[in-house]
Amino acid sequence: MNLTVAQAMVKFLSVQYSESDGVEQKLFAGCFGIFGHGNVAGFGQALLQAELEEPGALPYVLGRNEQAMVHSAVAYARMKDRRQTWVVSTSVGPGATNMVTGAALATINRLPVLLVPADTFADRAASPLLQELEQPSAGDLTVNDCFRPVSRYFDRVWRPEQLPAALLSAVRVLTDPAETGAVTVCLPQDVQAQAHDWPVELFERRVWHIARPLPERSVLARAADIIRDAERPLVVAGGGVHYSGAVDALAAFCEATGIPVGQSQAGKGTLRYDHPQCLGAIGSTGTTAANAVAAEADVVIGIGTRYSDFTTASRTVFRDPDVQFVNVNVAGLDAVKHAGLGVVADAREALESLTGLLDGHRVDDAYRDRYTALDAAWDAQVQSVYLPATPNAGADGKLTQAEVIGLVNELSDPRDVVVCAAGSMPGDLHKLWRTRDPKGYHVEYGYSTMGYEVAGGIGVRLACPDRDVFVMVGDGSYLMMATELATAVQEGVKIIAVLVQNHGYASIGSLSESLGSQRFGTRYRYRNPASGRLDGDVLPVDLAANAASFGLEVIRTSTAAELADAVKAAKASAGACVIHVETDPLVSAPDSEAWWDVPVSATSTLDSTQRARQVYEPHKATQRPFLRPTR
């Protein structure tokens, strides 16, 4: 079959399927793309030809920002439990390197996405080209080589004959639960347009089985013995519980044994917020209940978690001097962390087997009563900030961020999805959001990328068009990448963006203050001619007007009643909309009573920094290396 390299690639991608538990689905839901001179005549022409000749084979969506397109693809893959994803095509040069942040996000979060950046000419006939990197030490180096450290698989197709091997290797990694992440296949501009005779077998329907690795019986038996001997065991549930479809298995395991569960950002929703064994968020942005139980835990059972510093409160939340770890994970890298007993296996398979091995075993009633009481106390605290005794308790009658979260949570449906990524909002959501559906919580906190929210919300809605998607975004993150509102309008993708205006970087501002840096450089202010500093009046940026310019409905709110009415109106609306609300950034949500390691200057002339250092050093002294071998 005679096709160009780009045409062959599009045709191949359109017939790839994934299969898990007997369910088959197309692996690639479509292709996001922005065209430039590097891909318009190659990959762009191939997508056009496919759209005209085989409608629906690989649907194309025009994005506005290359990084944002990757975010949308990754959010989609996460909602689909890594069974489906998107292709992202860009031009050469800045169009390509704009995707590097998205690639890092995908790989850090173990989420599949196929990146197809254009590259410079393979034949070098016209070098140096526009946007070509010239390195005197390496003639084959291009800017796309910066994808290597952030990709799980990287390849460059210099000749047509290399394409089949590159594609098969790429899809193998995308569908491997232990290896998945960003996959980058670079296509030089001239190679994209080259014709070649391809074997027809390359374009036959191909099904990729997503494996469920079984645990080794001897290792699992040892894990069961450790858990049985524990007096205060605790599960830390991560994203792997979702991706393996182990939500029901986790509930059955906890109900049978009485072992409580703390949840990472990716693991939130693995149990309903009101499940008897659910203590909610754990770590630096955790609940006081989960962190109190973690402090006393003698065995920590990590399931599908990579133990980020937020989950472990920078290795200070697990305080028992003899604490042991049992880690269930498909990836060996994560299974051996904290010198734990590594159960390298699918989470569902391991949980079901452990439940059987622990048949008849339950934690003591006294332990169950203690964590139940701690959880009830935290739930009451959440209720107090959701529905405070003094409404609009912030300065000048402004709502607090916790109140905004509470109102949206209370008025949303159980199956609605909240999306967030950066700033103070993810931490508050982690602690406060009452998740009622396994897929109801979508916060990207592996890379915590500002600008993810709107683009991610589009990916979530594309993956689940029967759910309302609430994009919670602060003004700082909104200004990073609001452009994808245009894509939402273009595609008729309904998202409800709750745009919180606090005139600066609320999260970093609070962190800066706690570190003795006096919120320096975190407020949106005029340059003051008198002082020469950014301490003038607040900038008159009208984000509501900016959002309206994209052609979608914008609702301005300032009170709890107005916000409640806006949420109801947005849910009733057929299209995307933005709810604008000003909050008081100086009123914080309840404290997690946990720590996060951000170094404070060891020496300073500022009193504020000196005081912060005095607070920092005792916390630093509590960090643990977790090197004790599991017995």
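Figure 1. Cys146 is partly exposed, at a relative accessible area of 32% (buried, under 20%; exposed, over 50%; partly exposed, in between; 1.4 Å probe, protein chains only). The closest cysteine sulfur to that of Cys146 belongs to Cys186, and at 8.9 Å it is too far for a bond. The structure contains 0 disulfides (pairs of cysteine sulfur atoms within 2.5 Å). Cys31 likewise takes part in no disulfide, the nearest cysteine sulfur, that of Cys186, being 15 Å away. Cys31 counts as buried because its relative accessibility is 0%.

This is a predicted model, in which local features need pLDDT of at least 70 and side-chain atom pairs count only at pLDDT 80 or more, while totals for chains, interfaces and linings use all residues. Residues are numbered from 1 along each chain as its sequence is written, and side-chain values use heavy atoms, with hydrogens and water left out.

**Figure 2. Packing of helices α1 and α6.** Helix α1 (residues 5-13) packs with helix α6 (residues 163-174) at about 35 degrees, the axes lying 11 Å apart. Axes are lines fitted to C-alpha atoms, for helices over the stretch in contact, and angles run from 0 to 180 degrees between N-to-C directions. Helices (H or I, at least four residues) and strands (E, at least two) are DSSP runs, numbered from the N terminus. Val5, Ala8, Met9 and Phe12 of α1 meet Leu163, Leu167, Leu168 and Val171 of α6 (contact: heavy atoms within 4.5 Å).

**Figure 3. Pairing of strands β12 and β15.** Strand β12 (residues 233-237) pairs in the parallel sense with strand β15 (residues 299-303) over 5 bridges (pairing requires at least two DSSP bridges between two strands). Pro233 has Val299 of β15 as its bridge partner.
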